[in-house]
Amino acid sequence: MSSLDLGVIGNGTFGALIDKWARIVWCCLPRLDGDPVFYDLLNGRPEAASQPEADRPERGFWSIEIENAASSRQFYRENTAVLVTELTDRDGNAVEICDFAPRFTRRERIFQPMTLVRRVRPLAGSPRIRIRLRPGFNYGAQEPSVTRGSHHVRFFHSGLALRLSTNAPLTYLLDETVFNLTNAISFIMGPDETLTGGVEETAREFEERTEDYWKRWVRRLALPLEWQQAVIRAAITLKLCCYEETGAIVAALTTSIPEMADTERNWDYRFCWLRDAFFVIRALNSLAEVETMENYLRYLNNIVGSAPDGHLQPVYGIGLETRLNEDIVDTLPGYRGMGPVRRGNQAYEHFQHDVYGNVILAASQSFFDERLLQRATMADFERYEKVGERAYAMHDQPDAGMWELRTRARVHTSSSVMCWAACDRLARIAEHLGLTERSRHWRRLADEVHAIICERAWSEKLGAFTESFEGEQFDAGLLLMAEVNFIRPSDPRFQSTLLAVEKALRRGRHMFRYATADDFGLPGNAFNICTFWYIDALARVGRTDEAREIFESILACRNSLGLLSEDIDPATGELWGNFPQTYSLVGIINAAMRLSRKWEEQV
């Protein structure tokens, strides 16, 4: 079983990852990109130590262990982000651990505190448990100062103070003593603030209201007929990757889970890539969940409004930070000991010209959708025109490309296609707004860029579009040409490009980004979103049965809770890369929506 067989809880403020033995192995506070107070995931724990009896790292986890553990069962409460783990010992005694982050409506606004709730109750027999609560600070460099109150424990470090309130015996908790679990106990960890009610009654209320919130949220989704559970889990998890205070959407909750074993392809994904965020809101919009788009557009408008001369970075911090300085954390050995652990991401310095198209595509719906509380205005259009001007200026200029190559620049076809998309959508928006002259202007520029791409990215020799102008290689980004309506799926040029891409990049039922050496050598694992792009392209050209077969095969690669990371080893099916990966979850939703049988065929 994969080491990434983890569950995710969160509430739009922070998130946490929990393994099958109910150990919290990753949790950044006070927000999604913060200091990992629980960092066991990157503390070098080998695969063999996944059993609860194995030696623990010194710090960076929170475990609730049953003595003489024999088995575990883990699942989400139906249609919620409430995670349940059942642990059974060798004699059949059992406990249930319920983990969640409170999220519900209170006083006509969403209540989503930086609070983690764990509820523990006996299920069978007379279980004996031990609590090991060992947070750390500054990426494991410093232990907290600990003080004890009457019913709480406080963990301090500069800039952050956590309070754990509980009705469990504090002596057993602090001494990590094994004790008999005879009644339900609860733990509420969050800001250093006094609870207004009792621990058990507060935890129970939070659980009931959080469960009700998620069930009602799911009920509003416009689901496909088939694969509903897969789509629901993907949609909930995407929501957990949104930092709602600002509207930003992180690419993943983790840093430095390697794309492949021992390759140093370790990156920090706890930031907002404008490319990834566009695909997230597009997928959620297809389910009729437009609130995330509205929140994200707040974030995007702030970025566009402060962009000098229309220039945009490919990635920003979730608080609009523009500098994401990348350094190596030497206090953590890395995932399964496979360092380095990186903090920050150098990609903020890159020129990735596809970003302009992703921004305009993300904003386009806000000019047409009459459901939105805040429709886009003429002033918004004028700001986005500056982005379009930059897109036009950059459409034939070298960049790092969507795969963020660090030492090589080319005129990447996928970047140019997205520059075309920016001009094309601005033409459509202008026409919708009745701005005839502006519509003609942007249509002329879009047509010009389109013609240049068709001339310079098309290879007569290879009979296909190539990954760069005058190039001779292929990348999976070419599959997006039909998705953004640059070319019709029925066009022989797209169909021949699809054949060329699958011949070059398909491995079994998985798709690689590219098959040539990059800054770190040859890629060894498949990139999940590329497989989903391939599925989409197959469906668009009428190879639907094949698309469904591949979709089913990648669904089988999800972990036991229905989640995916960034990459898959095509030989073993093992998950690699940062987790949970929003791109991959988007792929699940998009494929299900495209491939599912229609409701009217069944009901």
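Reply: The count comes to 53 salt bridges, a salt bridge being a side-chain nitrogen of Lys or Arg within 4 Å of a carboxyl oxygen of Asp or Glu. This is a predicted model, in which local features need pLDDT of at least 70 and side-chain atom pairs count only at pLDDT 80 or more, while totals for chains, interfaces and linings use all residues. Residues are numbered from 1 along each chain as its sequence is written, and side-chain values use heavy atoms, with hydrogens and water left out.

Me: What makes D33 and R31 a salt bridge?
Reply: Their closest N and O atoms are 2.6 Å apart, so the pair meets the cut-off of within 4 Å. R31 also forms a salt bridge with E321, at 2.7 Å between the closest N and O atoms. R31 lies in the loop between strands 3 and 4 and E321 in the loop between strands 21 and 22, so the pair ties together parts that are 290 residues apart in sequence.

Me: Why is D33 called buried?
Reply: Buried means under 20% relative accessible area, exposed over 50%, and partly exposed in between (1.4 Å probe, protein chains only). D33 has 16%, and therefore counts as buried. E321, at 29%, counts as partly exposed.

Me: How do you know that R383 is partly exposed?
Reply: Its relative accessibility is 32%, which lies between the two limits, so the term applies. R383 forms a salt bridge with D380, the closest N and O atoms being 2.3 Å apart. D380, at 9%, is buried.

Note on methods:
Helix = DSSP H or I, 4+ residues; strand = E, 2+ residues; numbered from the N terminus.
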